[in-house]
Amino acid sequence: MSLASTSPGLLSQTRGYLRASSIFGEGGTVDAYLRFETALAEVQGALGVIPAEAVSPITSICRRELLDMETLRRDAAAVGYPIVPLVSMLSTLAGEHGQWVHYGTTTQDVMDTAQVLQLRSALQGVLSDVTQVEQQLARICHKHRHTLMAGRSKLQHGVPISFGYKVAVWLDQIVRARQGLVRAMEEASVLQFGGAAGTLASLGDRGTALRQALATRLSLSEPSISWHVSRDRMAALASAAAILLAAMGKMAVDISLMVSTEVGELAEPAAEGRGSSSTMPQKRNPVICEAIIEAARNVQHVPGLVLDAMLQEHERGIGHGYRERAAICDAIRHLAGSASLAVELLLGLEVNEERMRDNLATTRGLIHSEAVMMHLAQTVGRVEAHHILGQISRHVVVHQGSDLQDALRTEMNIEVPDYVLSEAAQIGQAQQMIDQVLREAGWHCEMT
C-alpha cells in the first residue's frame, strides 16, 4: 500500500484500483491515443482519404515502445497538451508518410475518444466485480431471509425484520445503480471526430463517411453532431459512477454499525493483522467498510464538477478538459477499488445469528409494540391503542424485570395472541419483496 499522503489507503492495493489506475495512467492513456491514430489511418486509407501505401508505415509506428516518452513528457508540458508532440513524433517515425498522420482531425478528437475507450475498458472490470457483489448479496439474502433481527429507525430499535430483508434493500439499490451505470456507459460510448470546430470541414464531402467508418472501427456509436462542448454524456456517466459507489457505501455503513462491539451481529472477514490497532491488541477494525465509505464520500463532488464542465464557451471551452478527465478517472478508480473490496467483504462476511436474536430481545418485547398496537386498534381504535402502548412501554422501561406481554397482562388485563408476534406476521409480507428483488437480480431460489 502506498504511504503517500494522496494514497487512498487500503483501496490503493486492490485489484480493481490497480487495473483502473493502469488504464488511466500514462501508458494506458498514450496507448488509447495510439489506438485512435491507428484506426484513423486504417479507415482513411480504406476510403482513399490518405494514400493506401501510407497506412502500414503509420500503423506500424503507433506503438508506445517506439516513443521517446521523456521527450513526449517534456514537449507536452511546453505545449500544454500531449497530442501535438505525439503527432510530431509519430510523423517523424513514419518518415515520408508522416504527413498523413492525424490527417483532418484535432487534439480534442483524440483526447475525447481516448477517454471514452479508457472508461469503457475500466468499467468492464468494475461491472464484473459488481456482478459478483450482487451474486454474493443474493446468496446471503436467500440464506437469511428468515433470520430475525432488529430493524432500526434513527439508530433505535423499530420493528423486527430479517437480515435477508436488510440485504435485499442493499441488493435492490446496487442492481439499479449498476444498470444505470451500464446505460450511461452505453450512451457515452460515442466517437469524437469533427476537426477544428466540429464541422468536418477539413475533409470536404468525405468527412461523414470517414466518421462513420471510424466509429465502426473503434466499436463506438456515431454522434449526430460533434460533442466537443456537449458534456452531458460525461456528466451522466460521472453521476452514475458516484451513485453506484454510494449504493455500496450504504451497505458498508450498515455493516460497520452491525460490526460494532455493542451490536456484534456481523464481522468482516478475518485476516492476519487486518484492522489491528497499534495500541489496542484486542481490536479488529472494519477497515474494508471504512475504505468503501471513504471512497463513496471522496467522489460525491464529481457529478457537480462535471456538470460545471457543461457550461462551456462557444465551440471549444477553456479551463474544463483536464479537470473533467481527472475527476471522472479518479471516480472510476475509487469505484473499481471499492467493488473489489466489496467482493472480498461479502465472500467472507461472518453472520452471528445468535447475537441477532439476543439483540432482538434487548428491549424486552418493546420492539413488538407496533404489532400489538395494530392488533388492539381493531377493537379500541388506533389513537387509544397508541396511548395504551405508550403507557405500557414506559412501564417496561421503568420496571426492568417486566416485558411487554407481562405488562399488558398485569397492568391492562390484555392478552396478546401468539399469531400477532409470530414470524409470519412480522416478516411474512417481506418475503414477497425479497423474492422480487432476487428475481430482478437474476437469482433463482434453487441456487445455493
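A residue is called buried under 20% relative accessible area, exposed over 50%, and partly exposed in between. Asp31, at 32% relative accessibility, therefore counts as partly exposed. The model described here is predicted.

Salt bridges are treated first. The structure holds 20 of them. In one, the side chains of Asp31 and Arg64 meet, with an N to O distance of 2.9 Å. This pair links distant parts of the chain. Asp31 sits in helix α2, residues 26-46. Arg64 belongs to the loop between α3 (52-60) and α4 (69-79). The two residues are 33 residues apart. Arg64 has a relative accessibility of 34%, so this residue is also partly exposed.

Arg63 pairs with Glu65, and the closest N and O atoms are 2.8 Å apart. The two partners fall into separate accessibility classes. Arg63 is partly exposed, at 37% relative accessibility. Glu65 is exposed, with a relative accessible area of 61%.

A further salt bridge joins Arg323 to Asp308, with 3.1 Å between the closest N and O atoms. Arg323 lies in helix α12 (residues 321-347) and Asp308 in helix α11 (residues 302-308), so the bridge ties together parts that are 15 residues apart in sequence. Arg323 is partly exposed, with 41% relative accessible area. Asp308 is likewise partly exposed, at 35%. Elsewhere, salt bridges with shared partners join Glu26, Glu70 and Arg73 into one network.

The patch is nonpolar and consists of Val79, Tyr81, Val84 and Tyr322. Together these residues have about 390 Å² of accessible area. Tyr322 has a relative accessibility of 45% and so counts as partly exposed. Membership of a patch requires over 30% relative accessible area and no salt bridge. Tyr322 passes the area cut-off because its relative accessibility is 45%.

Attention then turns to the β strands. Strand β1 (residues 148-153) pairs with β2 in the antiparallel sense, over five bridges. Leu155 is found in the loop between β1 and β2. Phi of Leu155 is near 70 degrees, again a positive value in a residue other than glycine. Most residues other than glycine have a negative phi. Leu155 is exposed, with 69% relative accessible area.

Ser162 belongs to strand β2, which spans residues 156-162. Its relative accessibility is 0%, so Ser162 counts as buried. The Ser162 side chain reaches the backbone nitrogen of Tyr165 at 3.0 Å. Leaving aside residues up to four places away in sequence, Ser162 touches His144, Arg145, His146, Thr147, Leu148, Met149, Ile427 and Ile434.

Another positive phi occurs at Arg364, which is not a glycine. The angle is about 55 degrees. Arg364 lies in the loop between α13 (353-360) and α14 (369-380). This residue is partly exposed, with a relative accessible area of 24%.

The C-alpha atoms of Ala296 and Leu244 are separated by 8.8 Å. Along the chain, Ala296 and Leu244 are 52 residues apart.

Note on methods
Residues are numbered from 1 along each chain as its sequence is written. This is a predicted model: local features need pLDDT of at least 70, side-chain atom pairs count only at pLDDT 80 or more; totals for chains, interfaces and linings use all residues. Side-chain values use heavy atoms; hydrogens and water are left out. A salt bridge is a side-chain nitrogen of Lys or Arg within 4 Å of a carboxyl oxygen of Asp or Glu. Helices (H or I, at least four residues) and strands (E, at least two) are DSSP runs, numbered from the N terminus. Buried means under 20% relative accessible area, exposed over 50%, partly exposed in between (1.4 Å probe, protein chains only). A polar contact is a pair of N or O atoms within 3.5 Å; within protein, one must be able to donate a hydrogen and the other to accept it, and residues adjacent in sequence count only if both atoms are side-chain atoms. Contact means heavy atoms within 4.5 Å. Two strands pair if DSSP finds at least two bridges between them. Patches are made of residues with over 30% relative accessible area and no salt bridge: like charges are joined within 9 Å, nonpolar side chains (Val, Leu, Ile, Met, Phe, Trp, Tyr) within 5 Å. Accessible areas come from the Shrake-Rupley method with a 1.4 Å probe; for residues, only the protein chains shown count as cover.
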